[in-house]
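Please open the model in your viewer and keep the selection panel at hand.

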Amino acid sequence: MSVAAVTATTEGYLLVLAIMWPVAGILVALVVNGRNIERVAYIVLPIGFAIATAVVMAVAQGGQSQIYVVGGWAPPLGVALRADGISAAMMMTTAMVICATGLFARGEFVQPAEGPEARAPYVFWILLFSIWSALNALVLGSDLFNLYVALELLTFAAVPLVCLKGQKETIEAALRYMLFALIGSVLYLLGAVMIYGLYGTLDIGLLSGRVRAEPATWIAAALMTVGLLAKTALFPLHLWLPPAHAGAPAPGSAILSALVVKGSFFLIVRIWFDAMPGHLSFAAAQLLAALGAGAILVGSVLALRQQRLKLMIAYSTIAQLGYLFFIFPLATGFAAGIVWSGLAWTGSWMQLFSHAFAKAAMFMAAGLIAEALGHDRIADLGGIGRKLPITMFAFALSGLSLIGVPPSGGFVAKWLLLIATINEGQWWWAAVIVVGGLLAGGYIFMVLGRLLADPLSPLVIRGAVSRSRELVALSLAVCAVLLGLVPLQPSDFLRIGR
Amino acid sequence: MSSTMDAFTVLAISCGAFFFVAGTIGLLRFPDVPTRLHALTKADNLGLGLVALGLLPQVAGPLAALKLIIVWLFALISGAIVTQLIVRAVR
Amino acid sequence: MTTATLFGLCSSALVGLGLFGVIVDPHPLRKILAFNLLGSGVFLLFGVVARRGAAAGLGGDPVPQALVITGIVVAFAATALAVALVLRLFEPEAGNAVESEATSAGLEVDGGRS
Amino acid sequence: MAAAFDIGLIVLLVGIGAWMIVVRDVVVATIIFVVFGLLMAIAWVRLSAVDVALTEAAIGSGITGTLLLGAAARLKGADAGGTRLSFPITVVAAVLCAMISASLAAVALLLTYPAPTLAPMAMQNLDQTGLGNPVAAVLFAYRALDTLLEKVVLLLALVGVWSLAPDRAWRGVPSLDTTVPPSDILAFFAQILPPFGIVFAIYMTWTGASNPGGAFQGGTVLAVMWLLVMMAGVMRAPSISNVWLRWLLVAGPALFLIVGFTGVFIADGFLAYPPAYAKALIVAVEAALAVSIAATLGLLAAGPPERMQQK
């Protein structure tokens, strides 16, 4: 056997299970009669959730990364899986949002009681399992090519989700998303093969010890980063996102906005903080953050100008993704000369997790409103808040987290980032964070005001909205708020494994 | 003996090459897809056949010779199928 | 110049051409063709890396060669999905049938651009 | 001499690639693409990657060509021309692509020898896998996880293609180019070729353990044969809700997954094989995968179901 640079830990088998359990679900779902596919989901979702919980506990108790060497072939020849603090936290968030979405989708994607198998439910559940498997593979992978396969799995599961309803506009949106995503993954692959050509390994852990500062490395890293930025929809590569996220059915939008775009962001962080730590130049980090700032400003302003609720929420996603990119200049600790700056690190991840909960809740609420009214024109939403108080409450709570009002996860995130900008002496990003918060307040209160206003004409409720689905949206929003109870200091858990 | 065989090989392959050139000119000069395909397949099938024939004296044994002939036959069949599919596509 | 370097240059030319086609060509099917050209360029770089790593009696490093096989299969899957989307979008009869179904399904929330 | 051949091949590849980008007619562009794929296969042989050459010829040129040619034919009547970019943007794109090309070329020239390689390590461990072909060892032993996930990617792409079916046609059959009635000549050839093709596919899958070839190449040849008989009207396309069909799709990945988990109990862990049975297990997995790959690729190229089966 090859030189064991990487050794498996005792609970490492959980990592394989986390990826393969949903895969088993896909295979079973493909062959069972479509009528039973929901029953498959009732088994896949809770057990998958239990696996994620077990991984988090193993990482927390061990205080170190959990590692699994697949097939006993250690890198560089083989592929290893690794769960550190951030992967465990991502896995937990993913599991919570996916299970909540599963509960929410029960009302929307049911097989008809009589008659043959229907298309949408069959496809939806398979896509849901696939996204779960792909995200777990993305956060656990430690091999650049293995991560490429996971990225493609994620893309192929996300694109059909966009056009599940089948209208022409959604197919157009799906096609555009597909093209952006494909170019993105090809550029990533191009960078990855250069890395292999330079260093003879694709393993992130081995790379961190071998990477040299030289032009070829920078070109490879730049290609990978640009490719992943296209998939993350960072400004100015965001054009595909609004029609795609707004066009999907509500549970799909929730997953796409809350989780899918974060998968590629996670990979960018892996590259710069784990594969090539210390190689991100000051200028490059500033450039990434500047694009993030552009995303915050442009996304928020465009969100303010939308006429339709789902599009507004989609533009808000572009803005909220922008904050994540402050991790690059703030967490590498340039000013202090240290490699690790805990405040911004924690703040950025808190932003990711709280946005995941808040945005999923918000898309679900918007879906329920659209279901009740038969449309989602913001101007005509007047008074629906009184008919659907729980939904409105869910929308309001998640909105407050997006703005960053205490106590909420969004507040913790933005506050930590603000302090980090001061500590690092990069006050210019603080200005963007504050302005972004104000703009978010603008578009959230614009909608909230409408929800509470007197209706212009008597409201016609087209369909009854199920109470349990409202509660699912509300509980996700509550999760976003509860994240605000974590202490305002660098998290030790998110630091495990580095 | 071997020089006669070599001469035969050179002659056959040259003829094959001539047909390939003719086929390619046809591909470039003829007006529409069916006539282009006609020129290409006719000339190339013959050209490939001549190249295979020319190589026969050079191979190690009867098995390798058989392989060459089989390659030519399969190229013929697949060429015919692909031509059919292309014509269906442009019609 | 070695074989590997020559094909490396070929790969860079193909990547540039393919990327240009994907961005500029207005026809969706030709974008997909260009994407395949781009993919071929990237895969060719794998081949170059593999060839450079020839050792232990092998003509090339088997790891990148195996990765390319995976990559080609994934690229085909991507092409198939993209082609299906294009056909669905532009084929006249299919498109009409969908729209009437979608409206009868109830919701009129569309994802059109603002 | 060899260098001259390589340079000629490269000039052809780049020239044909450029031609494909600029040529006006979509069908012609597709035909050029098929030719390009075949030349790529030769390039792979020149780079001593015979396994890849076989894959490229079968997938990159063969089945992708069939798929794109069919699509181009169906789009003939439709107005599919999107909006053309304005001239300044085109120039910017051209400059951008040229820069990427140049930086890639720089990397190709900058790479120095000795190049890093895993070839010795792959060979050292080869006997533990029982295989003779190091590429197969990478695909099914060292990096089996990638291969397994990639099979899931393929299945998922198929679900994605199917999801584009109109609701009324779900459970229906894909319509393979219904615009032109199948010709007798095509039907004739479609009856001659498949027996040879099937034998060849089985051989290719079997020999993959020790020689170039394997499940991907064999499965693709099978898929092309299947497509051929369907397109020629010799055999009907199946309904996508056919139970047998769905089992065929899943068989390969499912066996792979089961063998993978068995490794936890009889070997070093997930996707590990006990050396004594490694070759037998891998060949079994490859055989099942070849069948599933054939079904998946064939259905991917056939497209979503569009009408209900005629009784």
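Two residues are in contact here if their C-beta atoms, placed from the backbone, lie within 7 Å. This is a predicted model, in which local features need pLDDT of at least 70 and side-chain atom pairs count only at pLDDT 80 or more, while totals for chains, interfaces and linings use all residues. Residues are numbered from 1 along each chain as its sequence is written, and chains are lettered from A and ligands numbered from 1 in the order in which they are written.

Select chains B and C to begin: no contact joins them, and their closest C-alpha atoms lie 14 Å apart. Chains A and B do not touch either, with 24 Å between their nearest C-alpha atoms. Now show chains C and D, which have the most contacts among the four pairs of chains that touch.

Next, select chains B and D, where 15 residues of chain D are in contact with ten residues of chain B. On the chain D side, helices H2 (26-46), H3 (50-74) and H9 (184-207) each supply at least two residues, and H9(D) gives the largest share, five residues. Helices here are DSSP runs of H or I with at least four residues, numbered from the N terminus.

Finally, move to chain A and select residues 282-304, which form helix H11, with 23 residues.

Note on methods: Expected span 1.5 Å × (residues − 1).
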